[in-house]
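Please look over the sequence and the model below before reading the report.

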Amino acid sequence: MSKMTQFVTGDGRLLNVKEIADIYRNCVNLATPSSGKVQRLDDHNFSLTCRFSTTDCDTLESVKTSKNYSLKTTTRNNSKAERCIESVRCISDPQVVGETATVTSNNGRYLARLRGSTPSSSSSSPGGGGGGDKKQVLEIWNRSRLLKSFDLSEVDAHGPINTDPVFGSMSWYPFGEQDKLIYVCQKKRPKYQSFFKQTMPKTNDDKSEANDGPSKGKQLNLGDDNTREEDWGECLDGIEHTLVAVLDVGNNFKLTTVEVSGHSLAGVKWLNGMRSISVAYPEEPRRLGIIYCNNRPSHLVVHDWSQSPAVELFTMKSDTHCYHTARVDHSGQRFIYLMNPFYGPHVHSVRMHIHDLNTNQDQELVDKCTNEADMFVFDLLDNCFTSDGNHILFVKSDHLYNHLCLFDLKESKITKVKFPTTGLNLLDFKHDVILATGSEVNTTPTLYVAVLSPVNPGELVAWHQIEDCIHLDEIECKTYTIPTPDSPSFVSAILVSPCVDLLRKNFTGESGDHEKRVDNQLDLPTVVIVHGGPHHAFGVAYMPHLVFYSRLGLRSLLINYRGSTGVSEEYVKGLCGKVGELDVNDCLHAIRHFVSHKQINPNKLIIQGGSHGGFLSCHLSCQDEFKFTSAIIRNPVVDISTMHTTSDIPDWCYTEALGHSGFDFSWMPGSEELARMYKCSPISRFKEANVPTLMMLGTKDRRVKMFQGERWIELLEARGVKTQCKVYNDKHDLGRVEVSTDSSMSAALWILSNLK
């Protein structure tokens, strides 16, 4: 396609490919805050370190940078209990970040830096360091002095250190000298050797100790190099068995490990008294895909590292519920954790518990004002306790919004903390200083900092915006709650619309307007976007692809159908066993609502979705009430009856298609169950599909194998439907920069080329 090939935007501007690419570049080249740390210097001075991520469309890389800020607080009315922010200053230019992870001890004395993530030359060998054998170097610093560095490929005790969001965790012991580093790592695979490998016999004169024989004390596994090793599925390739390690810097860098047979350990945290708490995931009878799933069986295990080797003190487990996401208070004697049922929908609401190690008492945290314990909390900060230990800070998902909340442990009640924007992401919380990012659909993400009042943590000093943000005047956003006709329930939606006049003022190409100029916002094409999961939800926050579509004169309608998260556990479970029917009807009902209220043009609709959203997009391509001009589909579920044998989450098929709440690992569907799975799938309706379809697939997708999308395209092509299929060397989310940039541009051009 020529750079000068012209396309007509939704509002009638003429833009060539280069101009469209420049618009996309402008949407994604912002430095977006991704993580942050608060470090205390003294009673009134703090250091804030923030990391940013930027998409570089020229090099097709995600550029990681870091900036440092100084935060100075003061007291009001000469009261130590009423701290407020006096100033926040940026004290460094953006610095490119090369390390994978860093963690600093509370006293600021020690720093651990993990760098390097490129697979080593031996990564293809099963006898490498385990989990693909990443080339990693662990550096230990004492302030500005490098004490020691470890090439982890040369460490015999374990394999690579985990930095993934499921297992990864690293921290310094917060008591005493704070010189003990704990982390999760992979078990090192043994070395393998062929049955027939020949070695040269040693002569009497050869005094070298360097050999591969038993004299060096290394056990070789003969003929095991092709043995299948099961891992934890999508995004966790090669991670088979994890353990916990402690590096004792003060004891000549002594390295100790502990593992639990038949379990992978995750999310380790220090307790007082040289103890630790970890999450243990059973590996038998098989490892199911775990990322994006909080329903995997798990329990908590406490180890005592004061003994050598470390010993297991006790476990906390249930026959019906997962225990996970443990976080420890400042005393190291109490910890909170989240729990929810095994299996069923892949995302449950959770209940929060607190456990006291001194009294061995366990308490469920229930808001006495509402008497509700179930919440949609997807993660907790490493430190979520206030300085006095009486409150817990967390983010709760509530329908379309995230809310910053404080749980008062003494009063048993939840207080919502006001935040300047609808989009919210917590970065760090230490010494009652909150560091967060905020955004709106039409406002770019930026940094905010605030200080809680020790006397009344429900009240906080006004939020201080650290960095500038950009308000996008050309974009409008409205939210809707739409009652459903068949029950006292509802679906929700977000409608994002561009302001036509401002588009023409700020984003007009060299060729000006087409003769089909559109001046009425309601006549603009609308991209109907349905989320995957299905237990997920769209929230009111900044999304670059919506800005991109808006600047191309396209509106976006995001639909949260029943089964989405953020409402209630009953709302989530209501979809199980009804996919392909309830969710499809909810999407049609939402579209029908906007059409009947003359808020969107029914003749200018596009459908888009990935994964389960792709499942719905295929279904909606087969109905005849609304004619979509095009479809953008990523890694879709097309036929559940063939998915259950190929996916890393076969229990998804068991729950979503058949409605079962448990899972039998020996389950194989009978003819009636296969028929039900086929009937609820879009493949059963393919003869009704006639929408021009762009399919985008990942060769490394282990959640929904790419043959599903390929089959859909083959069937459409056989019927003469216009199609294009793009295949990327990527996983289920198609998240690599070179993939996301290409797929976003391809989607935009496909939409514009098929507008009527």
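Predicted model: local features only at pLDDT ≥ 70, side-chain atom pairs only at ≥ 80, totals over all residues.

Residues are numbered from 1 along each chain as its sequence is written, and side-chain values use heavy atoms, with hydrogens and water left out.

The protein chain is divided into two domains, with bounds from an automatic or database domain assignment.

| Domain | Residues |
|---|---|
| domain 1 | 6-25 + 474-502 + 520-638 + 686-753 |
| domain 2 | 99-120 + 136-193 + 230-380 |

Their C-alpha centres lie 37 Å apart. Contact (heavy atoms within 4.5 Å) joins 16 residues of domain 1 to 17 residues of domain 2.

An unreviewed UniProt entry annotates residues 547-740 as "domain: Peptidase S9 prolyl oligopeptidase catalytic"; such annotations may be inferred rather than shown by experiment. Over residues 547-740 the chain is 36% helix (DSSP runs of H or I, at least four residues) and 16% strand (runs of E, at least two), and the end C-alpha atoms are 15 Å apart.

Leu 495 sits in strand E34 (residues 490-498). Beyond its neighbours within four places in sequence, Leu 495 contacts several residues, including Glu 476, Tyr 480, Arg 555 and Phe 594.

Leu 222 belongs to strand E15 (residues 221-222). Its relative accessibility is 44%, so Leu 222 counts as partly exposed, the class between buried and exposed (over 50%).

Technical notes
Buried < 20%, exposed > 50% of the residue type's maximum accessible area, 1.4 Å probe, protein only.
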